[in-house]
Amino acid sequence: MHKEALSGSSCRNWSHALKMMQVPYSKYLTGKMRMSAIWYPESTGWKGTVSLLIVSFLLCMGCAKVGSPTGGPKDTAPPVMVVSKPENRSVNFNANRIEITFNEFIQLRNLQDQFLVSPPIEKNPSVTVRNKTVIIDMDSKLLPATTYTFNFGNSIADINEGNAILNFDYVFSTGTYVDSLSVTGKAVSAVNRKPPAKDEDVFIMLYDKPGDSLPLLERPRYIGKVNDNGLFSVNNIHPDTFTIIVLKDTDGDLRYDPVTDAIGFLDTLVVVSPLTVRSVNFFTDTVKVNDTLQPLGTMLHSVNLNMEYFNEETGKVFLNQRDRPLREKLFFSFTRPLYDSIRISPLNFTPSGSWLMEEYSEDLDSLNGWITDTSVIKRDTLILGLAYTTTDSLEQFKTGADTVTLIYRPLRSSAATRRRTEQSGQSSPEAGLNLLVSIKNGGMMSSNASIYVTADKPISQIEPERFRLFLIQDTLRVEQAIEVQRDSYNLRQFSLSAAWDEDSKYALLLLPASVMDIYGTVNDSLEISFGIRPENYHGRLLLTLQGESFPLFIRLLDEKNQIIRSHYSTESGQILFDYLEPGKYMINAFYDRNGNRKWDTGHYLKRQQPEPVYSLERTLELRSNWDYELTWQVGR
């Protein structure tokens with residue numbers, strides 16, 4: 001048998017195969033290709049029949065190989081709108097239902113977070129999907145002669161691959177024409193110049209009249225949402241003069257709450273008209289075309305703005321968290337830094353003298369309370385009165401008060417653990433005092449650094465003579481002098497320092513009972529080994545500041561956006577940041593307008609903008625044994 005006749009990629013080789021088997025092609029045709037029918041060739045006999053059956057089987061197998069499925073190219077195209085009723089961008093609109101049909105079956109994803117109607121209407125429409133069609137049912141009265149934009153964000157996607165249409169709009173006008181002007185731009189947080197996180201709702205709101213109280217009392221005339229790149233576009237607006245606000249809205253009511261929301265404002269009204277807009281290709285996102293990211297832009301006629309939003313530092317103090325994680329520990333946190341100490345009064349017990357040690361956070365917005373009276377520690381339920389300084393509606397100081405009930409609920413041990421404890425006739429042993437060391441075992445540190453040790457409970461006593469520090473030289477351990485320093489602010493921390501030799505190895509030993517907490521618990525033995533980096537491991541940053549606005553508070557940040565170093569500059573000149581580890585760094589600064597050495601936020605009703613924050617628009621990559629020299633014109 002000729003192998004090629006049976007392994008061909010299509011059934012056009014059937015006639016050749018039949019010829020090779022000496023089967024009349026005309027007879028095969030009379031069978032009308034019904035391979036399941038029993039047919040005998042002219043040359044009867046079992047050999048001919050078997051031969052034909054084999055050929056039939058192999059031919060079917062050959063046909064099955066035709067175009068064997070490989071999946072084909074992946075579908076990366078989003079759905080395309082085919083038709084809409086009424087038509088998109090229609091005028092004299094008076095319908096209660098809108099149907100938008102696409103070229104494939106679709107789904108709605110995160111519609112509640114993505115869908116936005118501008119201008120806002122009294123009741124959001126009902127949006128559903130039927131096969132390839134989005135159906136919008138409205139039950140709100142629309143304004144006359146007004147252009148409405150229904151923005152779906154990226155919520156419309158195909159069912160199979162989840163390809164989404166980016167920033168899909170359905171637009172109509174209740175008047176005789178569709179408005180076509182826009183306001184575009186970028187909005188970031190004033191404190192760090194970062195765009196909103198994906199789970200944050202930040203809106204651009206336009207009011208077609210002046211008034212400072214508008215965001216507190218009224219819904220805007222037009223609205224747009226800031227995306228996670230900080231970009232926004234409010235489209236299809238009519239020519240007018242607008243008050244423009246950016247609002248981080250926590251409760252979704254589109255009104256400003258100074259206690260919970262963040263706000264940003266412009267110092268002037270904004271005129272939007274054919275004379276003030278310019279044609280721009282506004283890029284809001286990227287789309288993948290042939291596996292290459294391409295910018296996705298829309299041609300708009302817009303006024304472009306840059307805005308910043310901030311949380312006001314309200315004078316009101318609110319208790320926002322309370323807890324009793326341990327029998328001996330209480331925790332309270334507040335909405336802003338405290339003006340002074342909290343007064344905590346027992347209401348359901350009478351302690352014997354002083355019963356609570358207070359440990360405030362560094363920024364004074366939280367408090368750990370450590371109970372020192374053993375009779376109080378044993379109580380499961382504590383009812384306490386809290387008094388603290390706050391302000392009234394006129395920003396006048398007054399005393400705020402809360403009554404809190406704290407119940408200690410111990411974690412239940414497993415049945416097996418309880419059974420072992422009961423069988424042994426012993427209680428569970430008390431754990432020793434836990435100490436957390438700032439350097440890991442086997443880690444490396446700089447020769448100008450100290451080691452910090454933090455206990456899990458306030459420290460009452462440290463025994464420096466029970467600390468040992470050894471310089472490791474080959475197999476020898478040479479004891480070194482070590483200095484132990486209590487932290488004057490943190491009740492649970494102390495530092496260890498020495499004259500470190502660079503490019504050397506050390507061992508630190510804390511003998512048992514080196515440290516005791518206020519409950520008489522002491523540490524177990526603790527030993528760690530670590531090394532001191534060589535001098536040439538580090539890099540240096542020589543930053544020359546130039547500008548007109550001083551003083552400046554300069555902050556050097558790592559890749560995780562953590563502040564590594566800071567410097568306060570009152571004039572132009574050079575700053576040295578030394579002993580820096582190789583890596584990537586960023587720099588920002590704020591203009592300390594009032595000279596109090598801290599960043600001050602704004603106040604909306606007082607029309608006070610926050611202190612300006614400037615960011616160097618590039619990342620610095622520092623290498624070992626390098627000096628990175630940089631001149632920064634701050635504010636440009």
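**Salt bridges and a buried threonine**

In this predicted model, the side chains of Lys598 and Asp600 form a salt bridge with an N to O distance of 3.1 Å; the term denotes a side-chain nitrogen of Lys or Arg within 4 Å of a carboxyl oxygen of Asp or Glu. Asp600 is buried at a relative accessible area of 13%, whereas Lys598 is partly exposed at 38% (buried means under 20% relative accessible area, exposed over 50%, partly exposed in between, with a 1.4 Å probe and protein chains only).

Lys598 also meets Glu313 in a salt bridge of 3.9 Å, N to O. Lys598 lies in the loop between strands E41 (583-591) and E42 (613-615), and Glu313 in the loop between strands E18 (292-309) and E19 (319-326), so the pair ties together parts 285 residues apart in sequence. Glu313 is partly exposed at 42%. Through shared partners, salt bridges join Glu313, Arg336, Lys598 and Asp600 into one network. The whole structure holds 21 salt bridges.

Thr146 occupies the loop between strands E6 (133-137) and E7 (147-151); strands are DSSP runs of at least two residues, numbered from the N terminus. Thr146 is buried, at 2% relative accessibility. Its side chain reaches the backbone oxygen of Pro144 at 2.8 Å. The side chains of Thr146 and Arg221 are joined by a polar contact of 3.3 Å, that is, a pair of N or O atoms within 3.5 Å, where within protein one must be able to donate a hydrogen and the other to accept it, and residues adjacent in sequence count only if both atoms are side-chain atoms.

Residues are numbered from 1 along each chain as its sequence is written, and side-chain values use heavy atoms, without hydrogens and water. Local features need pLDDT of at least 70 and side-chain atom pairs count only at pLDDT 80 or more, while totals for chains, interfaces and linings use all residues.

Note on methods: Helices (H or I, at least four residues) and strands (E, at least two) are DSSP runs, numbered from the N terminus.
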